[in-house]
Amino acid sequence: MISQIPFEHGLLLAGALFVLGLIGVMVRRNIIFILLSIEVMLNAAGLAFVVAGSRWSQPDGQVMFIFILTMAAAEVSVGLALVIRLYHVFKTLDADCAGKMRG
Amino acid sequence: MTLNDLAPLIPLMVIAVSSVIIMLGIAFYRSRAFSGLLTLAGIAVAFITLFGVQGTRQVTSLLILDDYALFYIGLILAASFVVALLSSDYLEGRRENIEEFYILLLLSTLGSSVLAASTHFVSFFIGLEILSVSLYALIAYTRNELNIEAGVKYLVLAAASSAFLLFGIALLYGETGTMEFSRMSSGISAQGINKGMLLTGFALVLTGVGFKLAVAPFHMWTPDVYEGAPAPVTAFVATVSKGGVFALLLRYFIQVDMHAYPSLFGAVAFIAVASMFAGNLLALLQKNIKRILAYSSIAHLGYLLVAFLAGGVMRVTAVTFYLVAYFITTLGAFGVVTMLSGKERDADAVEDYQGLFRHRPWLALIFSAMLFSLAGIPLTAGFIGKFYIVAAGAGSALWLLVIMLVINSAIGLYYYLRIIVVLYAQPGHSEVSAVSSLPLTGSLVLVLLTVLLLWLGVYPEPLIEMIHRMTMRF
Amino acid sequence: MILIWLILIPLMGGLLAWLFSRGNDRLPRWISLIALIIDFILVLLLWMQYPERAGLTNRSWLVDINLEWIPRLGISFHLALDGLSLLLVMLTSFLGIMSVAASWTEIKERVGFFHFNLMWSLAGITGVFLSLDLFLFYFFWELMLVPMYFLIALWGHENRISAAVKFFLFTQLSGLLMLAAILGLYFVHARGTGIYTFDYTQLLGTTMGSTEGMLLMLGFLIAFVVKLPAVPFHTWLPDAHTEAPTAGSIILAGLLLKTGAYGLLRFAVPLFPHAALDFTPVAMALAVIGILYGAVLAFGQTDLKRLVAYTSVSHMGFVLLGIFAWNELALQGAVIQIICHGISTGALFIIVGALQERIHTRDMERMGGLWTSAPRMGGVGLLFGLASLGLPGLGNFVGEFLVLIGAYTVSIPMTAIAATGLVFATVYSLWMIQRTFFGPREVYLKVPDLNMREMTVMAFMVAVIVWIGLYPQPVINTAKGALNALQKNAGAMTSFGKISYPVSTGADRDTK
Amino acid sequence: MFSKHWMLIAPARCGAEMMELLWLIPAFPLAGFLALAVTGARMPKRLAAIIGTGSVGASAVVALFIGMHFISSPPQGHLSSQTLWTWIEIGEFRPSITFYLDPLSLVMTFVVTFVGFLIHLYSTEFMAEEEGYSRFFAYMNLFVCSMLILVLADNLLLLYLGWEGVGLCSYLLIGFWYKDHANGRAAMKAFIVTRVGDTSMAIGFILLYFNLGTLNIQEIMQRASQAWPVGSTFAVAAAALLLGGALGKSAQLPLQTWLPDAMAGPTPVSALIHAATMVTAGVYLIARTNVLFTLAPVVQEAVAVIGALTLLIAGFSALTQHDIKRVLAYSTISQIGYMFLALGVGAWSAALFHFMTHAFFKALLFLGAGAVILALDYEHNMFRMGGLRKELPLTFWTFLIGSASLSALPLVTAGFYSKDLILWYSLSSEDGSPWFWAAGMAGALLTSIYTFRMVFLIFFGAAKGRVSRKPGMTMKFPLLILAVLSIIGGFVELPRIPIFSEFVKTALPSAKTLHEGLLGEGMQQVIASGVSLIGVSIAYLLFLRAPLNVERFTSHPAGKALHRFWFSGWGFDWLYNKVFVGPFIWIARTNKDDFIDLIYGGMAWYGRFFHVALSLTQSGKVRWYAMGITIGAVITIGITVFL
């Protein structure tokens with residue numbers, strides 16, 4: 001059934017998701033939302049893997065997706081830890097406020 | 001995969017096991033000295049076991065341990081060893097529990113080593129993530145304001161760039177049906193391939209890798225992270241993480257013959273030129289040493305890409321030699337910064353170095369040697385490195401790039417000289433330069449690095465010979 | 001081995017001077033002085049053995065040493081000495097001694113480190129004059145800059161930092177272009193022969209396309225004319241010379257500029273004779289512009305040291321002119337000009353330095369009438385001012401006149417215009433002397449005259465400049481073999497520098 | 001080194017041992033110079049005077065012996081040479097330090113050493129009060145040495161050495177009183193203006209070398225006459241270029257402006273350098289290379305025209321000067337104009353003859369003027385002098401003799417014979433013309449007017465200044481000797497007894513006369529005598545009898561303008577200031593900071609600009625950085641996919 005969905009269509013969806021996530025990263029100021037948007041991007045990539053795997057009827061794509069999930073989880077856990085420290089230090093979740101270093 | 005296949009992986013496993021041992025050790029007995037020694041021992045053992053790996057060993061389709069990989073792993077291990085030595089004194093008194101630092105250090109070393117040995121996008125991805133995730137924590141390790149800011153920035157941007165990379169890999173995989181480097185080239189030449197999709201995939205991979213390498217236009221995070229991270233970690237980010245990624249990039253684009261895609265070549269050339277200019281111009285009047293070194297590393301990666309773009313036998317030799325020189329120099333420079341840093345903040349303002357020659361002549365000389373090496377002045381390894389890069393460029397007749405490199409070297413010289421002048425000026429009033437005594441290990445490391453630097457600058461033949469042998473079997 | 005010693009002695013002398021400098025300002029000076037004197041004696045001994053000195057034979061290399069360095073890349077540690085190098089190395093150690101002696105009391109801070117840098121830059125310069133491997137040449141070429149940079153940046157005057165950086169940037173940028181050209185030549189040679197080598201003797205006579213040759217030659221040329229310097233690459237020079245301490249100025253003007261001339265003689269033209277031949281009109285035009293423009297600029301200055309600095313631009317124009325005329329007379333003239341300019345300008349810088357030490361200014365507006373209290377200084381200053389305006393009987397005249405004669409065969413208009421440079425030289429030289437030593441006595445009531453040490457230094461320099469002015473034959477004979485060899489190398493394939501003397505043939509009988 | 005060559009005196013062709021002493025002639029003053037220069041101010045004045053004067057005296061004695069020997073037993077071909085060492089040897093190019101003696105150089109040597117000795121002697125007293133006494137003698141000795149090298153040189157390069165050497169000494173001595181900027185300026189002007197000519201001359205030498213393959217003067221003359229036909233391009237070019245040098249050194253149009261200012265130097269210097277010897281070096285050069293000028297008739301005619309114009313222009317200027325030394329300076333320019341005129345019409349020996357007599361009487365006049373100036377406490381203005389006839393009788397009489405000789409009063413003065421010869425040839429020679437003759441006559445009239453104007457103003461009329469110092473023996477003696485020479489010096493060349501031109505004829509070809517019929521030589525002498533006497537009378541009328549007439553003339557606007565014009569030397573200084581000096585200084589000052597440096601400054605500015613611009617992109621905001629990566633990705637994709 002999945003194989004009936006053309007590769008390009010799946011990819012288009014993944015691409016759309018990816019761009020959505022990317023826009024989220026760029027426009028949201030709340031650090032949590034930025035992390036969320038990154039999740040969206042990563043999942044978009046995962047989706048692309050799945051679509052690609054299905055094109056070649058290989059499990060590799062799905063294996064990769066699992067890796068991505070794992071990695072995203074790890075990343076988010078470290079990320080959240082950092083967010084806590086961030087809030088502790090800056091008393092805000094606004095990513096733009098963490099901008100002391102520049103130039 | 002058999003047990004026999006595991007034998008070549010011993011170096012990697014030694015690292016992994018060391019980290020586990022330390023983790024377990026911490027559970028029972030917290031000791032900085034113990035963890036530190038274990039780390040050093042682990043790295044040293046891993047380094048020694050490298051010599052036990054005979055011939056080219058492909059371990060599944062994921063990893064290969066050929067001379068090339070071994071050389072780079074050795075380089076990465078050596079750099080980690082130096083960072084570990086530098087950080088032990090640095091961390092003292094900055095945070096109560098510092099043992100975990102070593103675990104993270106070992107893990108990211110492992111990640112980088114995996115990158116150097118990977119022949120498959122999966123191992124690439126895994127290595128990269130092992131490296132990155134540990135780095136997030138390392139960067140924010142001492143938990144002051146700047147650390148946190150740097151950590152958050154690095155996390156967000158690295159994750160986003162990972163997404164780019166993954167999407168690119170997915171596209172490549174989708175088009176070629178394989179994630180193995182060696183098979184990918186045959187997949188590419190297959191019929192009915194969507195060239196646009198493929199090239200987009202390459203571009204996205206380049207984006208992800210470019211971020212890790214901190215080349216323009218993906219370089220913006222570099223100065224902030226370099227400035228915010230603790231000085232030894234900065235050294236680590238500048239060397240180990242880049243070394244592994246560059247090793248991979250080189251391997252990948254040699255196996256997938258990059259010169260078959262003029263547009264890809266063009267993109268890399270653009271990145272190279274942009275990096276050189278952005279790095280050097282941004283550093284020009286910068287007043288923070290760490291930021292200067294960050295910008296300078298952007299430029300240096302640009303130079304490196306010039307050699308990378310060159311074809312022929314010289315490419316790998318030039319890139320590798322330059323990387324070695326760059327490792328030594330960067331470690332040395334950040335080593336000096338580490339040594340001089342006080343407890344409150346790192347010694348990263350140019351004023352902190354004013355008149356260093358007066359009260360710490362040796363340190364000043366070592367720092368000047370490092371800066372001269374970055375500038376490519378004779379008697380230092382950087383000179384031979386730059387010579388090699390220009391040679392590689394000239395050998396492939398990349399004259400435009402060579403000219404750009406020449407111009408940028410001159411721009412770069414300006415800010416290196418600016419720092420050097422400060423070193424020898426009349427002493428100013430900075431509390432940082434008045435640090436009481438220098439830790440012994442750090443001093444020894446710096447002396448060693450300087451000796452290496454000069455040795456490679458005067459008599460580079462052994463290293464060249466070694467790299468050459470490695471390339472022969474590549 | 002003696003060649004290695006020539007480089008090693010200043011290197012070691014420098015190190016020793018630095019190591020023994022703690023709390024002792026005298027020791028480094030003596031160490032440097034003795035090391036340089038040993039160096040000089042070595043060169044003199046070499047010269048005594050040199051049969052060409054008496055014009056006996058026409059051999060090319062007197063000493064030749066070739067050790068493996070980086071065989072993988074075809075790089076060797078190849079040093080060799082012929083008459084040309086011999087003269088320049090001799091000049092190096094001579095001016096080295098003079099500069100140490102001249103800065104005896106001027107430098108009061110970090111004396112050890114100062115002498116370390118001084119000696120190392122001298123060693124680098126010696127290396128440049130001796131290297132026959134292009135990589136080694138480039139190595140020394142860059143190496144001599146760093147200590148020089150320190151000399152300017154640490155012991156210089158008011159705007160030392162920017163001057164030092166400017167100096168370094170100009171020379172480094174042009175040096176990198178040369179590196180690119182060296183590598184280009186390396187690959188072109190390998191393409192033709194399959195041999196990867198940086199050895200000068202093997203690279204001679206490499207065949208290459210004309211555009212290729214021109215581009216490579218330009219790479220070399222730019223490095224050399226920046227050093228020389230030729231207009232429009234001269235602007236680093238006045239700043240660097242002005243801001244450097246006396247010893248630095250002496251080495252800059254006396255030796256560093258000469259490495260550019262040497263490079264042109266040894267490398268740029270012989271390696272690319274066709275391209276150099278094509279480029280001759282441009283080079284000669286640059287030379288002539290340099291002669292005149294430098295002179296006009298020199299006249300416009302109010303800073304005495306700057307004035308002297310600009311005269312170098314003018315004088316080195318003659319060297320460039322002579323080199324590109326590329327016939328025996330012109331080349332000999334260029335060599336003599338190289339040596340004499342080194343000495344005369346060095347001496348002028350010593351005088352300016354001595355003045356600044358005494359009256360703490362270089363502003364000519366604030367000088368005048370110094371002859372009354374310092375007649376010895378005035379006399380010596382006058383003599384070297386006259387040398388710089390090309391008074392016959394002093395060495396510079398011989399050089400300039402030979403260059404003009406040589407250039408005449410190549411281009412009469414260029415020669416004529418260059419000769420007007422003599423008038424301009426008169427203008428600025430006399431102006432300089434007038435403003436400094438003559439005129440009503442200004443503020444300085446009592447300026448101490450040159451002391452014994454300074455007079456000894458000056459006596460040597462006067463002796464040499466007069467000697468070359470009246471009997472330059474030993475110099476000419478020494479350089480002869482080397483110059484003939486260079487001409488042969490360059491002329492083997494082209495008609496470069498061939499002169500035909502229309503001697504009493506009545507060739508122009510049909511012109512009227 | 002060259003010790004081997006030092007004594008290796010080439011066997012003189014004459015074989016006479018006397019000739020081997022030739023090198024001593026310049027060596028004595030050189031030794032004097034070295035001794036004085038090295039010891040400097042520490043040398044006691046007396047000793048300095050002895051060394052300074054003695055060295056020149058010694059070389060005068062040697063010159064005398066050599067000269068006597070030369071005349072009594074002339075060497076073969078009336079020339080001898082002595083090589084000391086090879087100066088430079090590069091292939092064919094081998095000028096050597098060789099002295100060459102023939103009648104021409106012998107005459108020059110005589111004049112230089114003898115007049116030089118007298119003036120040195122005079123200076124010992126004249127300069128007695130001065131600071132830098134030994135410096136003065138050092139310069140003077142160096143000058144004599146250079147001048148001797150100039151006249152004895154056997155090749156052009158050595159000649160150039162002497163040529164520049166005398167220029168240098170002229171510079172040093174004009175600026176001897178260095179504390180006054182004006183003196184320094186005058187000195188610089190002298191050196192620079194002559195250097196303009198010298199440069200042209202140097203190019204001429206190079207041209208000669210390249211076309212004839214030698215710098216040896218005799219060989220050049222020989223080869224030139226073989227290789228070049230009359231009027232060939234090369235000959236014309238070479239002659240014209242050499243002429244440039246001669247014009248500069250001899251202060252002829254258009255390079256004459258430096259000489260009046262050169263009077264800033266001490267008066268003995270003016271006498272020796274700027275009257276008797278150095279300024280006539282141009283005459284010597286042209287005479288020495290006469291073959292070239294013969295081969296280039298155009299240039300030779302130019303020499304005559306320049307001479308004629310110069311003698312007139314300078315004559316008018318002399319007429320208006322207040323400063324006694326400036327009168328003499330203009331008079332020198334004018335007299336050298338005569339010599340040039342002679343050279344131009346091919347009367348080589350006449351030029352040399354006039355050079356000799358001029359050296360005597362002009363040196364005498366300068367020394368006399370010096371005595372007057374010293375007596376009146378450095379007063380130079382003739383209008384503040386007067387009536388000195390009684391106070392300074394010896395000075396008056398010798399000055400009068402000199403003036404008579406300058407004005408060429410008939411029969412008894414040396415100047416009469418030499419000037420007469422020139423006037424005669426300017427008319428009768430092959431290249432002569434009535435115009436030249438007329439100019440010469442007009443010049444003669446002017447000469448006697450301004451000369452006697454000077455005499456009347458200084459020595460007659462009412463005394464205006466107080467005589468503070470009278471000349472002593474050492475000053476009087478040279479005056480006397482020179483006065484005698486100014487009278488008898490002319491008798492070596494009488495119209496029917498041409499001893500002088502016979503003597504020099506081996507070196508200088510005799511003039512070819514053509515226009516015998518136009519005017520007999522006797523007739524022309526009568527006219528010339530008459531003209532000079534008329535001039536004296538005019539001077540008497542205008543400046544002694546009725547000075548009011550002159551004042552009336554000069555107070556009239558037109559007269560005033562003319563007076564100013566002449567007074568300022570026909571506005572040449574003004575013109576050169578506007579055309580050369582001013583613009584040069586303007587350019588040099590305006591471009592002091594070197595506009596080329598602006599280009600590099602601009603580059604540095606761009607570097608800083610881009611640094612600032614790029615720094616703005618490093619905003620520190622993580623979202624912005626993400627945007628950066630996105631843009632980078634887009635660019636990369638764009639390049640890879642669409643390129």
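Predicted model: local features only at pLDDT ≥ 70, side-chain atom pairs only at ≥ 80, totals over all residues.

Start with chain D and chain C. How many residues are in contact? On chain D, 63 residues touch 71 residues of chain C. The area buried between the two chains is about 6,200 Å². Carbon and sulfur atoms give 69% of that area. Three residues stand out on chain D: Ile90(D), Tyr178(D) and Phe210(D). Together they supply 12% of the area that chain D buries against chain C, more than any other three residues.

Now the polar side of things. The rule finds 18 residue pairs in polar contact across this interface, both partners at pLDDT 80 or more. It finds one salt bridge there. Which residues form the salt bridge? Lys166(C) pairs with Asp597(D). Their closest N and O atoms are 2.8 Å apart.

What does chain D bring to the contact? Several elements each supply at least two residues, including strand E1 (80-86), helix H5 (133-152) and helix H27 (595-617) of chain D. The largest share comes from H7(D), with 18 residues. By class, this side of chain D has 39 nonpolar, twelve polar and twelve charged residues.

Next, the leucine. Leu271(C) belongs to helix H11 (residues 246-271) of chain C. Buried or exposed? Its relative accessible area is 2%, under the 20% cut-off, so Leu271(C) counts as buried. Leaving aside neighbours within four places in sequence, its contacts include Leu134(C), Tyr200(C), Met208(C) and Phe220(C). Leu91(C) lies 180 residues away in sequence, and 25 Å away in space, C-alpha to C-alpha.

That's it from me.

How values were computed
Residues numbered from 1 in each chain as written. Chains lettered and ligands numbered in written order. Heavy atoms only, no water. Contact = heavy atoms within 4.5 Å. Buried area = accessible area lost by both parts, 1.4 Å probe. Salt bridge = Lys/Arg side-chain N within 4 Å of Asp/Glu carboxyl O. Polar contact = N/O pair within 3.5 Å; in protein donor to acceptor, adjacent residues only side chain to side chain. Helix = DSSP H or I, 4+ residues; strand = E, 2+ residues; numbered from the N terminus. Nonpolar A, V, L, I, M, F, W, Y, C, P; charged D, E, K, R; others polar. Buried < 20%, exposed > 50% of the residue type's maximum accessible area, 1.4 Å probe, protein only.
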